[in-house]
Amino acid sequence: MAQDVRERVFTTISGVPIEEVYAPASIADLDYTRDLGNPGQPPYTRGIHDSMYRGKLWTMRQFSGFGTAEETNQRYRYLLEHGQTGLSVAFHLPTLMGYDSDHPMSAGEVGKCGVAIDSLADMEALFDGIPLDKISTSMTTNAPATILWSMYLVVAEKQGASWELLRGTIQNDILKEYIAEKTYIFPPRPSMKLIVDTLEFSMKHLPQWNPISISGYHIREAGSTALQELAFTLYDGIEYVEWAKRAGLDVDDFAPRLSFFFNAHNDFFEEIAKYRAARKVWYQVMTGRFKCRNPRSAAMRFHTQTAGCSLTAQQPYNNVVRVAIQALAAVMGGTQSLHTNALDESLALPTEHSARLALRTQQILAHETGIANTPDPLGGSYFLERLTLDMERGCWEYFERLDAMGGMVAAIEQGFPQREIQDAAYTYQKAVEHREKIIVGLNDFVSDEESGLDILHIDESVAERQIAKTRQVRETRDNGSCRTTLEALRKAAASGSVNVMPFVLDCVRSYATLGEICDTLREIYGIYEEPAF
Amino acid sequence: MPERIRVLVAKPGLDGHDRGAKIIARAFRDAGFEVVYTGLRQTPEQVVTAALQEDVDVIGLSVLSGAHMTLCPRIMELLKKEKLDDVLVLVGGIIPDRDIPKLKALGVTEIFQPGVSTEDIIEYVRRNVGKRRHTS
């Protein structure tokens with residue numbers, strides 16, 4: 001029976017038009033074995049494991065960090081006691097930008113967006129009483145990843161934990177920093193060299209570590225569409241593999257340890273299609289373009305975080321619902337690990353209470369809803385399969401354009417992904433302002449109710465305590481040996497041909513600060529300034 | 001015809017979240033304003049120097065890192081020193097309610113929290129720059 005429709009055009013949140021009805025004819029071009037395969041079978045569209053969450057639930061990994069290392073250590077112990085199964089470290093901005101807490105650029109920023117780490121002494125406090133060979137830890141660090149990873153490795157060393165047993169991830173994805181998140185320090189080319197060094201080092205010494213988490217999350221947060229998130233992220237992956245191969249590494253030695261990180265936004269089916277297409281395209285890239293032989297090289301593993309940019313400051317309790325639905329999409333898409341945002345994150349870092357509710361959201365999904373009972377439960381949906389095929393096609397089209405530009409580093413230098421994302425962000429903002437896209441509590445269903453939320457405040461005493469601690473480290477360490485290790489690092493970096501990881505480890509062991517180590521590298525590599533686009 | 005409104009959009013502090021700054025810069029341009037965007041990680045000194053050199057009517061500061069209570073007071077102090085205290089200073093980003101009265105007491109003209117539309121901000125600027133031009 002024909003009826004009137006509410007809107008003229010129906011589109012996804014990314015602006016992709018949606019048909020009225022999907023039926024077998026909509027996916028006449030789909031071949032089950034070629035395009036989907038059973039779960040655990042190439043091209044892994046339906047998941048990388050045959051039994052998926054029946055075998056093992058996803059890892060519930062809440063990103064957290066604030067104030068000093070001592071305070072964050074308390075939060076980690078709290079989350080572990082409440083059933084969290086992995087740690088994820090949020091560093092404050094000075095650490096991410098390679099400044100110590102007493103640097104003038106750090107004024108006002110200490111401990112605000114994450115935990116302040118200036119030296120090994122802080123990393124020791126961060127993991128005090130947490131055995132590093134028993135947990136897995138993800139560290140969101142990019143430009144100074146070699147340094148923070150080295151600090152973690154030295155803490156493990158001091159605990160007597162063998163590096164071979166360590167499990168975890170460093171984000172270490174510098175390309176998306178130039179594209180979207182903008183916490184870069186050095187120019188792209190030396191930064192790529194540092195990443196190749198970490199790949200090589202982890203292959204030799206940390207067989208269970210993920211030395212990179214190739215991230216679309218921040219690309220999406222900067223305003224990209226779902227397709228742009230997918231295409232730019234996977235192409236970043238291609239770029240890393242190209243650089244590692246050029247440095248003489250064998251694809252099958254490092255590719256099984258590459259991991260990915262995606263956003264989970266509000267458009268439920270579009271997101272699930274994105275995860276499914278991601279696995280399929282990566283399989284084709286690794287087997288086709290890179291001729292990998294090890295099946296694990298082509299099986300994409302990824303972490304997901306719900307979309308921070310989708311949360312509203314207005315009526316913040318609505319965010320609990322948004323997060324639950326986004327998390328549901330991530331699980332339907334077969335994620336290996338998941339962070340659910342807290343309801344107050346559009347206002348501040350989460351409180352202990354809101355962080356626990358976010359974790360509980362995942363536990364309810366895992367244990368009460370039945371969605372973990374069978375892999376890819378939406379596989380075969382005419383609509384979802386069409387979206388997945390279209391997402392894949394769009395991805396290949398972006399790859400062609402990026403290949404023609406000479407790869408991702410070249411495309412970044414030309415400002416291509418940056419402009420694509422800015423345009424998408426602006427288009428979306430206008431759609432919201434013209435109420436073509438409705439956001440509950442923001443541009444419709446508005447009310448004046450007070451949120452009544454208690455939010456987390458980081459006071460300035462954190463900065464005072466942190467600065468005092470770092471100054472004490474500089475006074476009590478052996479400054480002679482510290483200078484020697486920094487000088488050795490400077491020479492290694494200048495040579496351009498040796499792996500800098502062993503030298504960074506020595507600097508860290510001598511309690512050289514993060515700022516001192518970064519300054520040494522800045523001297524050799526220079527700094528990056530974003531051109532105006 | 002009245003002179004075009006001149007705006008400096010600035011990102012002080014260390015955070016690289018420039019989605020908002022770039023959207024508002026573009027919306028201001030589309031509204032016919034002259035816009036200068038400073039780029040990322042500007043010190044308060046750099047922001048004020050740019051405002052002086054560009055002779056702007058409005059400074060729009062975008063801060064999402066929580067450092068606004070350190071950066072904004074310093075910028076306001078420098079503006080006073082440079083006798084730029086008639087420039088409209090707008091702050092956008094993650095600014096908790098409890099900081100708003102403190103920022104206004106420092107001389108910040110208006111604070112725009114998450115969710116405000118670019119059209120409302122443009123309208124605000126048009127109304128208040130006019131007022132300022134009349135009185136100065």
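Visitor: How many residues of chain B are in contact with chain A, and what makes a contact?

Guide: 25 residues of chain B are in contact with 29 residues of chain A. Two residues count as in contact if their C-beta atoms, placed from the backbone, lie within 7 Å. Of chain B's elements, H1(B) gives the most to that side, with four residues. This is a predicted model: local features need pLDDT of at least 70, side-chain atom pairs need 80 or more, and totals for chains, interfaces and linings use all residues. Residues are numbered from 1 along each chain as its sequence is written, and chains are lettered from A and ligands numbered from 1 in the order written.

Visitor: What makes chain A as compact as a globular protein of its length?

Guide: Set its radius of gyration against the globule rule. The radius is taken over C-alpha atoms, and the rule is 2.2 Å times the number of residues to the power 0.38. For 533 residues the rule gives 24 Å; chain A has 23 Å, close to that, so it is as compact as a globular protein of that length.

Visitor: Which secondary structure does chain A hold?

Guide: Chain A has 20 helices and nine strands. These are DSSP runs, numbered from the N terminus: helices are H or I with at least four residues, strands E with at least two.

Visitor: What is the span of helix H16 of chain A, and what is expected?

Guide: The expected span is 1.5 Å times one less than the number of residues. H16(A) has 18 residues and reaches 26 Å from first C-alpha to last, close to the 26 Å expected.

Visitor: Which residues of H16(A) are called buried?

Guide: Among them are A:Pro417, A:Ile421 and A:Tyr428. Buried means that 20 or more other C-beta atoms lie within 10 Å of the residue's own; 12 or fewer means exposed, and in between is partly exposed; C-beta atoms are placed from the backbone. By this test, 53% of the 533 residues of chain A are buried.

Visitor: Why are S5 and S6 of chain A said to stand at the edges?

Guide: Nine strands form an open sheet in the order S5-S4-S3-S2-S1-S9-S8-S7-S6 (chain A), with parallel pairing. Two strands pair if DSSP finds at least two bridges between them. S5 (209-210) and S6 (212-215) of chain A each have a single partner strand, so one side of each is left without a neighbour in the sheet.

Visitor: How do you know that S8 and S9 of chain A pair?

Guide: They share three bridges, in the parallel sense. A:Gln305 stands opposite A:His339 in S9(A).
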